[in-house]
Every structure is written in C-alpha cells, then in structure tokens.
Amino acid sequence: MNSRNKIDYVEVTETKSVAIDKKCAKCRKSICCNSINQKIPAPKSIYDFDHLLWQVSHENINIFKDADGWFLHVHSACAHLGNGGVCGIYERRPMVCRDYNNDYCEFDESIEEAAEHFFSTYEQLEKYCRKRFKKWDKRFKKAGYA
Ligand code: SF4
Ligand code: SF4
C-alpha cells in the first residue's frame with residue numbers, strides 16, 4: 001500500500017461484497033494490497049548506498065526512486081486481503097487504505113515502469129553505485145575495514 005494512494009473499491013456488508021469501482025473490479029491481482037512502499041531519506045553518501053545494498057539483498061525488498069523521492073518497496077500481501085480482492089476489515093481498515101486513490105495506480109503502470117530508478121537485486125544497485133561514485137570500490141578501506 002502506498003501512502004500516496006487510496007483504496008476504496010469494495011463495500012463489505014455482513015452478507016455480501018460489492019465491487020463499486022470498475023477499474024478495481026478488473027484488477028484481479030489487487031496489486032495495491034500486495035505491497036508496501038515506505039519513503040526513505042534520499043541516499044547521498046557512499047555509506048547511505050552501502051546500507052541500501054544490505055536492504056535490497058533481502059527477499060521481496062526493492063528500492064526505487066520516482067518524482068516523490070526514494071522508497072523501499074516491500075512485496076508482502078496484506079493479511080486481510082481476501083478472495084476477489086475483498087478487504088476483510090473494510091469497516092476498520094487503516095487510514096492509508098481509506099486515502100488510497102486509484103486514479104493512477106499500478107494497474108495503469110507498474111512502479112518498475114514508472115520509476116526513474118528501480119533496483120531489485122544487489123547487483124543492479126551495485127552497478128548504479130559504481131557509476132555514481134568513482135571511489136565505490138575503495139569505500140571499505142577508507143572506512144577502516146580490512
Ligand atoms: S492496483 Fe489499482 S486497480 Fe488494482 S485494486 Fe488497487 S487501486 Fe484498484
Ligand atoms: S487493510 Fe484491506 S484495504 Fe488495506 S491493504 Fe489490507 S486488504 Fe487492502
């Protein structure tokens with residue numbers, strides 16, 4: 001779930017679920033309920049990027065930059081996501097879900113396609129860092145590591 005967006009596509013009553021948004025009804029994967037985008041401080045130094053290398057090395061973690069800044073993208077389905085994209089706690093869903101707007105969402109364009117930079121592996125980010133920092137490979141020595 002991206003804090004910049006809003007989800008308001010199903011209305012759950014005690015007896016039924018009703019798709020109220022045509023676009024979301026077409027979106028079989030409920031993409032927005034299957035990940036978290038957490039904004040992070042813009043990395044600047046070699047050490048900031050070295051830290052991101054550790055994070056992107058973990059399963060289901062990506063890092064991207066778009067017009068709004070840098071984000072950790074965590075692929076993880078919400079525990080309340082039910083069959084057919086129904087929210088199991090619709091009446092009690094958090095504010096970030098209530099604020100979600102599907103005007104322009106991942107159904108239109110994936111984060112990977114829309115982002116200026118998108119890194120899903122250590123190797124991808126390392127390649128970027130090597131280009132960005134001339135002294136990238138000397139960082140351990142400079143910091144006093146063997
Ligand atoms: S990704 Fe977009 S279209 Fe799909 S369920 Fe979420 S808001 Fe609706
Ligand atoms: S609480 Fe409901 S609307 Fe929010 S991410 Fe989970 S399933 Fe989606």
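A residue counts as buried when its relative accessible area is under 20%. C87, at 18% relative accessibility, therefore counts as buried. The structure described here is a predicted model.

## Overall makeup

The protein chain has six helices and six strands. Starting at the N terminus, these elements follow one another as β-β-α-β-α-β-β-α-α-β-α-α. Of the chain's 146 residues, 36% count as buried. Among contacts between residues at least 6 apart in sequence, 72% join residues at least 24 apart.

## The sheet

Four strands form an open sheet in the order β3-β5-β4-β6, and their pairing is antiparallel. The edges are held by β3 (35-40) and β6 (117-119); each has a single partner strand, so one side of each is left without a neighbour in the sheet. On average, neighbouring strands of this sheet are turned by 20° against each other, direction ignored. Strands of a sheet pair through backbone hydrogen bonds, in either a parallel or an antiparallel sense.

Strand β4 covers residues 61-66 and is joined to β5 by six bridges, the two strands running antiparallel. β4 and β5 form a hairpin, with two residues between them. K65 stands opposite H117 in β6. Five of the six residues of β4 are buried, so the strand is mostly covered.

Which residues of α2 are buried? They are I46, F49, L52, L53, Q55 and V56. These buried residues pack against β3, β4, β5 and β6, and also against α5 and α6 (139-142).

Helix α5, residues 122-132, lies across β4, β5 and β6 and runs at about 135° to β6. Its buried residues are L125, E126, Y128 and C129. Because they cover an arc of only 160° around the axis, they are on the same side of α5. The face turned away from this buried side carries the exposed residues E123, K127 and K131. On the buried side, the packing partners are α2, β4, β5 and β6.

E126 has its place in helix α5. With a relative accessible area of 18%, E126 is buried. Leaving aside neighbours within four places in sequence, E126 is in contact with L53 and W136. L53 is among the buried residues of α2.

## Residues in loops

C87 lies in the loop between β5 (69-75) and α3 (95-98). C87 and C97 are ten residues apart in sequence, and their C-alpha atoms are 9.9 Å apart in space.

Most residues other than glycine have a negative phi. S30 has a positive phi of about 45° although it is not a glycine. S30 lies in the loop between α1 (22-26) and β3. Phi of N60 is also positive, near 65°, in a residue other than glycine. N60 lies in the loop between α2 and β4.

| Residue | Relative accessible area | State |
|---|---|---|
| C87 | 18% | buried |
| E126 | 18% | buried |

## Surroundings of ligand 1

Which residues surround ligand 1? The shell is made up of C24, C27, I31, C32, Y100, N102, C105 and F107. By class, seven of the shell residues are nonpolar, one is polar and none is charged.

Technical notes:
Residues are numbered from 1 along each chain as its sequence is written. Chains are lettered from A and ligands numbered from 1 in the order in which they are written. This is a predicted model: local features need pLDDT of at least 70, side-chain atom pairs count only at pLDDT 80 or more; totals for chains, interfaces and linings use all residues. Side-chain values use heavy atoms; hydrogens and water are left out. Buried means under 20% relative accessible area, exposed over 50%, partly exposed in between (1.4 Å probe, protein chains only). Two strands pair if DSSP finds at least two bridges between them. Axes are lines fitted to C-alpha atoms, for helices over the stretch in contact, and angles run from 0 to 180 degrees between N-to-C directions. Contact means heavy atoms within 4.5 Å. The arc is that of the directions from the helix axis to the C-beta atoms. A residue is near a molecule or strand if one of its heavy atoms lies within 4 Å of it. Ala, Val, Leu, Ile, Met, Phe, Trp, Tyr, Cys and Pro count as nonpolar, Asp, Glu, Lys and Arg as charged, and the others, Gly among them, as polar.
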